[in-house]
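Subject: Structure handover

Hello,

Please open it first, then read the notes below.

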Amino acid sequence: MKFNFCLLICLVAIFSFNAQDLKKFDYELLGAIVLDENQLISYKIQFNLEKNNFIQGYSITDIDGEDETKSYIRGYYNKKTNKIQFKESDILYTKSKFLPEEFCFVSFEGDFKGDSNKKLLDGNFVGIYDDKDTCATGKIKLVGKKFIKKKVKKVYKKIKKVKRVDSIVKDNLKPENYLKKFSETKINSGEKVSVFVYSSKIKIDVWDYGIEDGDIITILQNDKPVIENIKVSRRKQSFVLNLNEKVNTFKIITVDAGKLETNTTKLKLFDFRREYEVVANLKKGEAAILNIVKLTVKPKKNNK
């Protein structure tokens, strides 16, 4: 099946980009999961190539959608043969209402032309539940982030010349605006994101991710205030929070959204070697929920 790369440009409309505080990866690819019934789901992978052709990084599925999920990926990439394979495992966060055992993890094998201008990845995948049953099949088709950005700039140059397109639409389609949001999870009013950790304490950094304009927030943990009326600035403020329950519900409330009327607070959570970044996108009086779920390490089965 031929894949129209114009579709990838359309998918970028729901992605976000901001070069600030991004972790550098050897490869960042964007595109779609194409299910056998021709359903498309936005998909992104970012990974580093390590010794012995080993790769590890992350995948993000249904970007900015109601089921947006970030997982670990691990696998192998051979530059000489252009063959790549990886599997998803261990969810870092999700906006989905499904339970972790109900998630469909991608197992992929295909071709990756990592040295080409497009950095084209193409191949088949099988979706597997945690109990090893198959839950989906289809294809994954991705291209490099830089290639996407070039295409967006070309599209904008053409749109800028069309008189019938109003100035507001043109402004939204500027490359710096069109690719404005990309890597971090964004919490809007009334939304809930579940983050999975393995420790009983987490460190959390809080700072103003946009223009410092007087944002003030309060954070409740299981309906009790743990961070009250703090003014968010460009300087990071750090807190250590105890996770007393298996599911710890943190409600982020915008007390004052500042001069720009939108709260741009960024929260970064640390759990052992894991890191999670969340941006609050809330007006005054609005709230969003961050569920931090404590997981237990599963004992390894003895093969006798």
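Which residues does D67 touch, not counting residues up to four places away in sequence? They are T61, D62, T94, S96, K97 and F98. Contact here means heavy atoms within 4.5 Å. D67 sits in the loop between β3 and β4 (69-78). Its C-alpha lies 6.6 Å from that of T94, although D67 and T94 are 27 residues apart in sequence. D67 is partly exposed, at 29% relative accessible area. Buried means under 20% relative accessible area, exposed over 50%, and partly exposed in between, with a 1.4 Å probe and protein chains only.

Some ground rules. This is a predicted model, in which local features need pLDDT of at least 70 and side-chain atom pairs count only at pLDDT 80 or more, while totals for chains, interfaces and linings use all residues. Residues are numbered from 1 along each chain as its sequence is written, and side-chain values use heavy atoms, with hydrogens and water left out.

Overall make-up

The chain has 304 residues, and 45% of them count as buried. Its secondary structure comes to 4 helices and 18 strands. Those are DSSP runs numbered from the N terminus: helices are H or I with at least four residues, strands are E with at least two. Take the contacts in the chain with a separation of 6 or more: 61% of them are between residues 24 or more positions apart.

Cores

A nonpolar core is a set of buried Ala, Val, Leu, Ile, Met, Phe, Trp, Tyr and Cys residues joined through side-chain atoms within 4.5 Å. The largest such core holds 32 residues. L269, L290 and I292 have the most contacts inside it. Leaving out residues up to four places away in sequence, L269 touches I202, K203, I204, R274, E275, Y276, L290 and I292. Another core lies apart from it, with 20 residues, among them L35, F86, L121 and L142.

I292 is in strand β18. I292 is buried, with 1% relative accessible area. Beyond four places in sequence, its contacts are V195, V197, I202, L243, K246, V247, N248, F250 and L269. I292 and S194 are 98 residues apart in sequence, yet 5.9 Å apart in space, C-alpha to C-alpha.

Cavity

How many cavities of 30 Å³ or more are there? The count is 1. A cavity is a set of points on a 1 Å grid, over the protein atoms alone, where a 1.4 Å probe fits but cannot get out; lining residues have an atom within 4 Å of a point. Points are joined across faces, edges and corners, and the volume is the space filled by probe spheres set on them. The largest cavity holds about 40 Å³. Its lining is I202, I204, I219, L241, F250, I252, L267, L290 and I292. The elements giving two or more residues to that lining are β11 (201-208), β15 (247-256) and β18 (287-294). By class, the lining has 9 nonpolar, no polar and no charged residues. The nonpolar class is Ala, Val, Leu, Ile, Met, Phe, Trp, Tyr, Cys and Pro; Asp, Glu, Lys and Arg are charged; the others, Gly among them, are polar.

D205 also lies in strand β11. D205 is buried, at 6% relative accessible area. D205 touches K236, Q237, S238, K266, L267, K268 and F270, again without residues up to four places away in sequence.

Disulfide

The whole structure has 1 disulfide, meaning a pair of cysteine sulfur atoms within 2.5 Å. It joins C104 to C135, with 1.9 Å from S to S. The link of C104 and C135 is right-handed, with 95° about the S-S bond. C104 is in the loop between β5 (83-94) and β6 (105-112) and C135 in strand β8 (residues 134-144), so the pair ties together parts 31 residues apart in sequence. C104 is partly exposed at 32%, and C135 is partly exposed at 25%.

Backbone

Most residues other than glycine have a negative phi. N52 has a positive phi of about 60°. N52 is in the loop between β2 (40-49) and β3 (54-61), and is exposed at 71% relative accessibility. N222 has a positive phi of about 50°. N222 lies in the loop between β12 (216-221) and β13 (224-231), and is partly exposed at 30%.

Best regards

How values were computed
1 Å grid on protein atoms, 1.4 Å probe; cavity = no way out; pocket = protein on both sides within 12 Å on 5 of 7 lines; lining within 4 Å.
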